[in-house]
Amino acid sequence: MTTTPALSITRVELTNVMGHAHLVVETGRVMILRGANKQGKTSFFEGVRSVFVGGHDPSLIRAGADFATIKLTFSNGMTATKTIKPEASTVEVRVPEIGKVSNAQTFLRTLVDEPIGVDPLYLIHCPDKERAELLAKIGADDDRRKRVR
């Protein structure tokens, strides 16, 4: 039996997203994002989350900027780019050898099974067994993502 490797985000690029004028992060299998308060950790995750959940949230646009862009690159070369302007947001997904995906937002929603988000304070303070189960669940999502190449 052959399996398709899990799909993962390998690069995140934020432009004019909340506190970030321009930020590029190359990700790995496990990524730990840490820093002092008000350094942009939440902004980073809100930007990534917005690509998957859709909708229009102009509050993500950096103060003084005309637009914001979040570009995700995946392990299979696929890219998802969300552009947010004050009046509307657009999402474009491009898959290598196929090109632009129609119904990009619907397609992106199929990549995640449940709402995206973890309460970091709960994760820190919950019982060890529950923390282990939550972390295992995050890692176990690989099986569900095998359907996407």
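**Aromatic pairs, nonpolar core and surface patch**

Phe 74 is in contact with Leu 7, Ser 8, Ile 9, Thr 10, Phe 52 and Ala 80, when residues up to four places away in sequence are not counted. The model described here is a predicted one. Phe 74 has a relative accessibility of 4% and counts as buried, because the cut-off for this class is under 20% relative accessible area.

The largest nonpolar core comprises 24 residues, and Phe 74 belongs to the group that touches the most other members, together with Phe 52, Ile 70, Leu 72, Met 78, Val 93 and Leu 108. At least two residues of this core come from each of strand 1 (9–17), helix 1, strand 3, strand 4 (79–84), strand 5 (89–95) and helix 2 (104–109).

Two aromatic pairs are present in the structure. One is formed by Phe 44 and Phe 45 in an edge-to-face arrangement, with 5.2 Å from centre to centre and 85 degrees between the planes. The two residues of this pair fall into separate accessibility classes: Phe 44 is buried at a relative accessible area of 3%, whereas Phe 45, at 45% relative accessibility, is partly exposed. Phe 52 and Phe 74 also form an edge-to-face pair, with centres 6.4 Å apart and planes at 90 degrees. Phe 52 is located in helix 1 and Phe 74 in strand 3 (residues 68–74), so this pair ties together parts that are 22 residues apart in sequence. Phe 52 is buried, its relative accessible area being 6%, and Phe 74 is likewise buried, at 4%.

Phe 44 is also one of the residues touched by His 20, which is placed in strand 2. His 20 has a relative accessibility of 12% and counts as buried.

On the surface, Phe 45 forms a nonpolar patch with Met 31 and Leu 33. The accessible area of the three residues together is about 250 Å². Met 31 is situated in the loop between strand 2 (20–26) and helix 1 (41–53). With a relative accessible area of 32%, Met 31 is partly exposed, and Phe 45 is partly exposed at 45%. Both residues can take part in the patch because its members need over 30% relative accessible area.

Methods:
Residues are numbered from 1 along each chain as its sequence is written. This is a predicted model: local features need pLDDT of at least 70, side-chain atom pairs count only at pLDDT 80 or more; totals for chains, interfaces and linings use all residues. Side-chain values use heavy atoms; hydrogens and water are left out. Patches are made of residues with over 30% relative accessible area and no salt bridge: like charges are joined within 9 Å, nonpolar side chains (Val, Leu, Ile, Met, Phe, Trp, Tyr) within 5 Å. Accessible areas come from the Shrake-Rupley method with a 1.4 Å probe; for residues, only the protein chains shown count as cover. A salt bridge is a side-chain nitrogen of Lys or Arg within 4 Å of a carboxyl oxygen of Asp or Glu. Helices (H or I, at least four residues) and strands (E, at least two) are DSSP runs, numbered from the N terminus. Buried means under 20% relative accessible area, exposed over 50%, partly exposed in between (1.4 Å probe, protein chains only). Contact means heavy atoms within 4.5 Å. Rings of Phe, Tyr and Trp (its six-membered ring) pair if their centres lie within 6.5 Å; planes under 30 degrees apart count as stacked, over 60 as edge-to-face and the rest as tilted. A nonpolar core is a set of buried Ala, Val, Leu, Ile, Met, Phe, Trp, Tyr and Cys residues joined through side-chain atoms within 4.5 Å.
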